[in-house]
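Take a look at the chain below. We will go from the overall picture to a few individual residues.

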Amino acid sequence: MKTPRDRDRQRERHDDGVRAAERRYLMKNYCNVTDSGMEDKANGSVDTKSPVENGQLPDPANWGVADVVNYFKATGFEEQATAFQDQEIDGKSLLLMTRNDVLTGLSIKLGPALKIYEYHVKPLQTQHLKTNAS
């Protein structure tokens, strides 16, 4: 039987893994900005914000479909990332997704779907709410 301390350690290891995945995503996708400090998005928008704010990902509300797909590829869900592409899920759509949307709406296997929602979609939604609450 796991003690509360064991659960806390397990949660900390998981949180470290999520942060590492986010860092890989940032390094892969947001360190390649143009000389002007702006990045051309696939949907035609231009990102003028700093790509890394306080060591956190940029607000997902500003992500295009390609950004969402690249995020999930960088976090180890390459196979499942195509479901986000097929359903044309951009950042705003991602922030509105419920657990049921991820588990049933994307037609991906249950295990990866649970991990995607619990460890990525839900924390991104929480981060967005905290960032925009102030």
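Predicted model: local features only at pLDDT ≥ 70, side-chain atom pairs only at ≥ 80, totals over all residues.

The chain has 134 residues, and 37% of them count as buried.

Now trace the fold. The secondary structure comes to six helices and two strands. Read along the sequence, the pattern is α-β-β-α-α-α-α-α.

Start inside, with Leu-94. This residue lies in helix 4, which covers residues 91-96. Is Leu-94 buried or exposed? Its relative accessibility is 1%, so Leu-94 counts as buried, the cut-off being under 20%. What does Leu-94 touch, leaving aside residues up to four places away in sequence? The list is Trp-63, Val-68, Phe-72, Phe-84, Ile-89, Val-121, Leu-124 and Gln-125. Ala-61 is a further reference point for Leu-94. The two are 33 residues apart in sequence, yet their C-alpha atoms are 8.1 Å apart in space.

Move on to His-120, in helix 6. Helix 6 spans residues 110-133. His-120 has a relative accessible area of 6%, so it too is buried. Its side chain makes a polar contact with the side chain of Tyr-71, at 2.8 Å. Which residues does His-120 touch, again leaving out those up to four places away in sequence? They are Tyr-71, Phe-72, Thr-75, Phe-77 and Lys-115.

Next, look at two loops. Glu-88 lies in the loop between helix 3 (78-86) and helix 4. Ser-107 sits in the loop between helix 5 (99-105) and helix 6. What is the backbone doing at these positions? Most residues other than glycine have a negative phi. Glu-88 is not a glycine, but has a positive phi of about 55 degrees. Ser-107, also not a glycine, has a positive phi of about 55 degrees.

Leu-94 and His-120 are buried.

Methods. Residues numbered from 1 in each chain as written. Heavy atoms only, no water. Helix = DSSP H or I, 4+ residues; strand = E, 2+ residues; numbered from the N terminus. Buried < 20%, exposed > 50% of the residue type's maximum accessible area, 1.4 Å probe, protein only. Contact = heavy atoms within 4.5 Å. Polar contact = N/O pair within 3.5 Å; in protein donor to acceptor, adjacent residues only side chain to side chain.
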